[in-house]
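Here is a short report on one protein model. Please keep the sequence and the 3D view open while reading.

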Amino acid sequence: VSDRDQYGRLLRYLYNQELFINEALVREGLAVSHGYEPDTSRQHVLDAAQRAAQDDAIGLWDPSACGSASASAVGVGDIHPDAAGDDNHNLNDEWIEIVNRGTGSVDLTGWSIKDESASHRYRFPDGFTLGPNATVRLHTGCGQDTADSLYWCNTGSAVWNNSGDTGFVLDPSGNTVDFRNYDGR
């Protein structure tokens, strides 16, 4: 329906003969399926392709896609994408939580967080350790890092889309250790 998305990117369904290229990319784990109204006429096909890729643990859903995967129990907790008021002016009320569900501390040096578009990436500070059964909240805006609050210091715009997004935790090798998606409905 739309020519471009909110970021100015062209929106297209691509075909080569009978091959639906969008579906093939998602099915191989090379792209993420996420629908944004009103551009969802083929969303059911893309969602099914993503479920298949996840079930088959291929592409970005393969725990060892980038080498040996981390054996830690670090993952995504809650995501608060919709800050009070204008998200772009209240960046510290937009956040994602990272949880250590394990019984030992995990040094997050080299670990990162990214959004679905991968245009927003946060790298944990060197030496940052998340204790057992601990949670750290990563705020989009700026502030003073503590043991339970970190600050992305992304200025000028929000990271998490209110209409839906996916937060990924990546280990130092770039493997997807955990992810959480949400929709804004």
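## Overall size and basis

With 185 residues, a compact globule would have a radius of gyration near 16 Å, and the protein has 17 Å, which agrees. That radius is taken over C-alpha atoms, and the globule rule is 2.2 Å times the number of residues to the power 0.38. Along the principal axes, the C-alpha atoms fill a box of roughly 55 × 40 × 25 Å.

This is a predicted model, in which local features need pLDDT of at least 70 and side-chain atom pairs count only at pLDDT 80 or more, while totals for chains, interfaces and linings use all residues. Residues are numbered from 1 along each chain as its sequence is written, and side-chain values use heavy atoms, leaving out hydrogens and water.

## Secondary structure

The protein has 2 helices and 12 strands. Both kinds of element are DSSP runs, numbered from the N terminus: helices are H or I with at least four residues, strands are E with at least two. Read along the sequence, the pattern is β-β-α-α-β-β-β-β-β-β-β-β-β-β.

## Surface, burial and charge

Buried residues make up 37% of the 185 residues. Buried means under 20% relative accessible area, exposed means over 50%, and partly exposed lies in between (1.4 Å probe, protein chains only). The accessible surface comes to about 9,800 Å², and 47% of that belongs to carbon and sulfur atoms. These areas come from the Shrake-Rupley method with a 1.4 Å probe; for residues, only the protein chains shown count as cover.

There are 13 positive and 28 negative side chains. Lys and Arg count as positive, Asp and Glu as negative; His and the chain ends are not counted. The centres of the two sets lie 4 Å apart. Each charge is placed at NZ of Lys, CZ of Arg, CG of Asp or CD of Glu.

## Nonpolar cores

Which members of the largest nonpolar core touch the most other members? Of its 21 residues, they are Ile96, Ile98, Leu108, Ile113, Phe124 and Trp160. Strand 3, strand 4 (95-100) and strand 9 (135-139) each supply at least two residues of this core. Strand 3 gives the most, with 3 residues. A nonpolar core here is a set of buried Ala, Val, Leu, Ile, Met, Phe, Trp, Tyr and Cys residues joined through side-chain atoms within 4.5 Å.

Take Phe124 as an example. Not counting residues up to four places away in sequence, Phe124 touches Ile98, Leu108, Trp111, Ser112, Ile113, Val136 and Leu150. A second, separate core has 5 residues, including Phe20, Val26, Val45 and Ala49.

## Contacts across the sequence

Contact means heavy atoms within 4.5 Å. Among contacts between residues at least 6 apart in sequence, 57% join residues at least 24 apart.

Trp61 lies in the loop between helix 2 (43-56) and strand 3 (74-80). Is Trp61 buried or exposed? Trp61 is buried, because its relative accessible area is 9%. Leaving out residues up to four places away in sequence, Trp61 touches Gly29, Val32, Gln50, Ala53, Gln54, Phe168 and Phe179. Trp61 and Phe179 are 118 residues apart in sequence, yet 9.6 Å apart in space, C-alpha to C-alpha.

Gln43 lies in helix 2. Gln43 is buried, with a relative accessible area of 12%. Its contacts are Tyr13, Ser33, His34 and Gly35, not counting residues up to four places away in sequence. Thr129 sits in strand 8 and is partly exposed, at 41% relative accessible area. Thr129 touches Ser105, Val106 and Asp107, on the count that omits residues up to four places away in sequence.

## Backbone exceptions

Most residues other than glycine have a negative phi, and most peptide bonds are trans. The peptide bond from Glu37 to Pro38 is cis, with omega near 5°. Pro38 is in the loop between helix 1 (21-27) and helix 2.

Ala57 has a positive phi, near 50°, and is not a glycine. Ala57 lies in the loop between helix 2 and strand 3 and is partly exposed, with a relative accessible area of 29%. Asn133 also has a positive phi, about 55°, although it is not a glycine. Asn133 lies in the loop between strand 8 (129-130) and strand 9. Asn133 is exposed, with a relative accessible area of 61%.
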